Amino acid sequence: MTTKLFGEPVRRREDARLIIGQGRYLDDIGSGAYEAAFVRSPYAHARVLDIDVSAAMDVDGLLAIYTYEDLTGPMAEPLPVLIPHPQLTAPRTGYPLVKDVAQHVGEPIVMVVATDRYIAEDAAGLIEVSYEELPVVVGVDAAEAAERTVHDDVPDNVAARHHQETGDVEAALAASAHTLSFTQYFERSASMPMEGKGVHARWDDADSSLRVYSSTQASTSVRAAIAAKLELSMEKVEVIAPDVGGGFGVKIVHPWPEELLVPMAARLLGHEVKWTEDRREHFISSAHERQQRQEITVGYDDDGRIAALDVLVWHDNGAYTPYGIIVPINTATQLCGPYDIPVYRARVNSVYTNTVIVTPYRGAGRPQGTFAMERTMDRIAQALRIDRALVRERNLIQPDQFPYDWGLTFQDGRPLIYDSGDYPAMMAKLKVLVDWDGFAERRAAAEARGKLLGIGMAPYVEGTGPGPYEGAHVQVLGSGKVLVSTGLTSQGQGHETVFAQLAAAELGVPMEDVVVTTGDTRRFGYAVGTFASRAAVVSGNAVALAARGVKEKALRIAAEVLEADPADLEIDEGLVQVKGTPGASIPLRTVAVLSNPLRYAFDEAARQATQFSGPGDDSKPPVAVGDAPGLEHTDYYSPLRSTFASGAHAVVVEIDPATWEIAIEQYAVVHDCGTIINPMIVEGQVHGGVAQGVGGALYERMAYDRDGQLTNASFMDFLMPYASEVPDVDIDHQSTPSPLNELGIKGAGEAGVIPGSAAIASAIEDAVGRRIAAMPISPTELYDLVRSDAERVTNSSPHDSGAMA
């Protein structure tokens, strides 16, 4: 590969179009479409007794009303469990429209279609639904107690008992010089993309085909789901992800009920239909994440080296389990981070509650795992009265221990084996970046101003780039343009830029000649989706492989024209030339024309490929056996197993004891995602992740009351950090290339969010000298904590605790 573009901080190509309003989002599509609205359950747990639509029938502009009774065939069956698992012993999913019992506020019961959204909403408001309220289960503690049940046939509320371990935990704990046991909580939160979900569908009765636009992270999988549920042949269904205004995991779930119901209505009505999610719908009917209760026991020696770790997690999966137990698996398998822990047991009980489903949200179980591990490290350091950084350094996996086999199974069903890394060097970089050893002076200066200053750190390891595969198609046109297509979808990650960099670098063409298309099943039909920091790893390698296939063919064709050996040729700036021989060359666009022998000439370029354009080799067919017309190639990359990126964050917080306001004074990040394609985009991903990490630590909390009502289902009440609350981020990069793929890439998309709550909790605890055992934390909660009888803590050198008397 040429290095002219690979590794360069190229500016994002998509931004100019998006920031001037030229983006094409779901709601920009189908100006003449009928529109849908939904009647959703106002109760967290209720039996539907009757649905009276009579008052809505006279609304002018009403076109259709659908309830469960109108669903037939596969549409009347439960939604799929996307990722079955043998330890998911009691999976449950809902129906596109509630059949008998609503299991959470916001579950759809009736779909209304009208000539516009206003009329549809008016008609929906006239529909009367009679309910019988049922007992409600909210929170992991209530689910564990099982005094009430979510599903009648799951009496203990447990959907899955996930269990992985290495070694004899009880024996190792018994033999440890010291042990600690404690319980902590991580509260429920949710992603808030600027654009909610949305679907537009158009049915063509002439050829029985369906075109669907969806704001999704998995267009090819949505296509498969629609085809299965509507009993259509796959080739009759097209799904396109237009510009998507953020995803963060909520849009990897599929099919959402609306992704099936809107196409169904379009087919039945013979007219295009669309639905766009409003913000309240997103709060009460999309997906949440994060809530866990963690019960931790650790055994360690006099130096703080861990001998055994035993973790029991109670994980809230909401009312259903459509995405299986991927989040609990990530927590269990990523919890140990960069540490060499010889004996480990993880048990996760995933339980039902009458709340919105829990599926991956950026980080997907890893922030909870890092919170468990890093709070454990702080407790060990405090118990032994040694520096928190030193405890971490003593437990790190060393560079000569790679590949490091945990003896566990990761979320991709493959062995959990760390491929590469240098965790001691990463920690050393972080300490310098935040001036860990010189912090005492900063604390003293803050105290002189009447402020409390605290510092915390949290390293992590992130499994990235899981399979099973992604593919790419690369084609050079006669104009010289290079078309790159991949089934992977984009939600703002910069795929259009990165994939263009890869293709241009491989082919030796100007980047401005490369056009990238993602998430369109018309252009590429086989893909898995955008999740788990996998785009650069899996699709990036697929793009490189496809471009190499094109290059090989281009050199072979050009070699015949130039009467040269293909090995003596190179492509530079779109010109195929003999190495070291100026003038002996042919434009790549001409090679593209010659790759397709023609009978008919439509323009001057095409004349070069017709049968009388010049002498040919009469001993060979125009298209060689095993070859195909056109300068194009499709290829796939299927990883052996996941790659493992890593990083470490350090945070300095300042707390005002008059208001208990928590301000972040410094945020430092050392990040290792292997070989970097575009450092500017990687840094942007880290910045965005840090912002969400800050939100998750200090602001964002889904607050349910005991009746299962979401009490803060609007931006008036649900807090997110403003730009003023998001700190500047000091970033240092480290690169340990992955040996598992030719490009050496590891993922970067979720890294910034993973250690945020752990590092911020550590810093707050350091500042106030009180145990932080739950996140997020607000100023009011911190005020109450400091004035309660909460456990006092003291951190040791290189700086003293900032605890108040």
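The side chains of Arg548 and Glu742 form a salt bridge, with 2.7 Å from N to O. The model is predicted. Between domain 1 and domain 3, the count is 1 salt bridge. This briefing covers how those two domains meet.

**Domain layout**
- The protein chain is divided into three parts: domain 1 covers 2–6 + 467–637, domain 2 covers 32–134 + 191–285, and domain 3 covers 292–466 + 640–800.
- Taken over C-alpha atoms, the centres of domain 1 and domain 3 are 43 Å apart.

**Extent of the interface**
- On the domain 1 side, 23 residues are in contact with 25 residues of domain 3.
- The size of an interface is often given as the accessible area lost when the parts come together.
- For domain 1 and domain 3, the buried area is about 1700 Å², and carbon and sulfur atoms give 58% of that area.
- Within domain 1, the residues that lose the most area to domain 3 are Phe6, Ser533 and Val537, which together make up 33% of what that side buries.

**The domain 1 side**
- Two helices, α13 (495–507) and α14 (535–562), each supply at least two residues of the side of domain 1 that touches domain 3.
- Helix α14 gives the largest share of that side, with 7 residues.
- Sorted by class, the side of domain 1 that touches domain 3 has 12 nonpolar, 8 polar and 3 charged residues.

Notes: Residues are numbered from 1 along each chain as its sequence is written. This is a predicted model: local features need pLDDT of at least 70, side-chain atom pairs count only at pLDDT 80 or more; totals for chains, interfaces and linings use all residues. Side-chain values use heavy atoms; hydrogens and water are left out. Domain bounds come from an automatic or database domain assignment. Contact means heavy atoms within 4.5 Å. Buried area is the accessible area (1.4 Å probe) that two parts lose on being put together, summed over both. A salt bridge is a side-chain nitrogen of Lys or Arg within 4 Å of a carboxyl oxygen of Asp or Glu. Helices (H or I, at least four residues) and strands (E, at least two) are DSSP runs, numbered from the N terminus. Ala, Val, Leu, Ile, Met, Phe, Trp, Tyr, Cys and Pro count as nonpolar, Asp, Glu, Lys and Arg as charged, and the others, Gly among them, as polar.
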